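Here's a short tour of a few local features. Have the model open as you read along.

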Amino acid sequence: MAIPSRSVLTAGGVVLLAVAVAGCGGPEGLRVEGAAMTPSRNAGPVYVADVVGEPLRRPGEIGLSESVRVSGLHWQGWGGATARAVGKLSGPWCLPECGKKPYDVDVVLSGLEQQDRGGYYRRASVQPVRPAELPDAATGVQLQGIRLAVPDL
């Protein structure tokens, strides 16, 4: 009895593998059954990055952009799809007046992006409580849809 050569055995293995793979689907293609997997909820910490990319959790103050700084923040929610706070608005466009008396605002962080070890809010909106009190210089300041830094975790 002759022993088959190694190349015959390898070729036979390739043919057997091809037959096995071809048997996985019929002419109509693969059939998938069952419910789709739902992504797992990340249980890690949630951050917001300030204007220089520093990760913060429930900050008392934060620079959202070069023109928008909020302080005296009191968070009413954190870690969900949105985070909400009340606080005070200031920035270089309103100095020196708002250095002494910043403007009352509502702050909303949104666009939570979950990563392997935590999550980051991607957008911020700042809504003045009394918009009429803002100086004319505020018209050129972006207060809605501020894009926030999202570092890789």
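Contact here means heavy atoms within 4.5 Å. Keep in mind that this is a predicted model.

With that in hand, let's start at Ala-83. It touches Trp-75, Gly-77, Trp-78, Val-107, Val-108, Leu-109 and Tyr-121, leaving aside residues up to four places away in sequence. One of these, Val-108, sits 25 residues away along the chain, yet its C-alpha atom is 5.7 Å from that of Ala-83. Ala-83 itself belongs to strand β5, which covers residues 83–90.

| Residue | Relative accessible area | Class |
|---|---|---|
| Ala-83 | 0% | buried |
| Cys-94 | 1% | buried |
| Cys-98 | 1% | buried |

Now for the cysteines. The disulfide count comes to one, and the bond in question links Cys-94 to Cys-98, with an S to S distance of 1.8 Å. The link between Cys-94 and Cys-98 is right-handed, with 70° about the S-S bond.

Next, the sheet. Four strands form an open sheet in the order β2-β1-β8-β7, and the pairing is mixed.

Definitions and conventions
Residues are numbered from 1 along each chain as its sequence is written. This is a predicted model: local features need pLDDT of at least 70, side-chain atom pairs count only at pLDDT 80 or more; totals for chains, interfaces and linings use all residues. Side-chain values use heavy atoms; hydrogens and water are left out. A disulfide is a pair of cysteine sulfur atoms within 2.5 Å. Buried means under 20% relative accessible area, exposed over 50%, partly exposed in between (1.4 Å probe, protein chains only). Two strands pair if DSSP finds at least two bridges between them. Helices (H or I, at least four residues) and strands (E, at least two) are DSSP runs, numbered from the N terminus.
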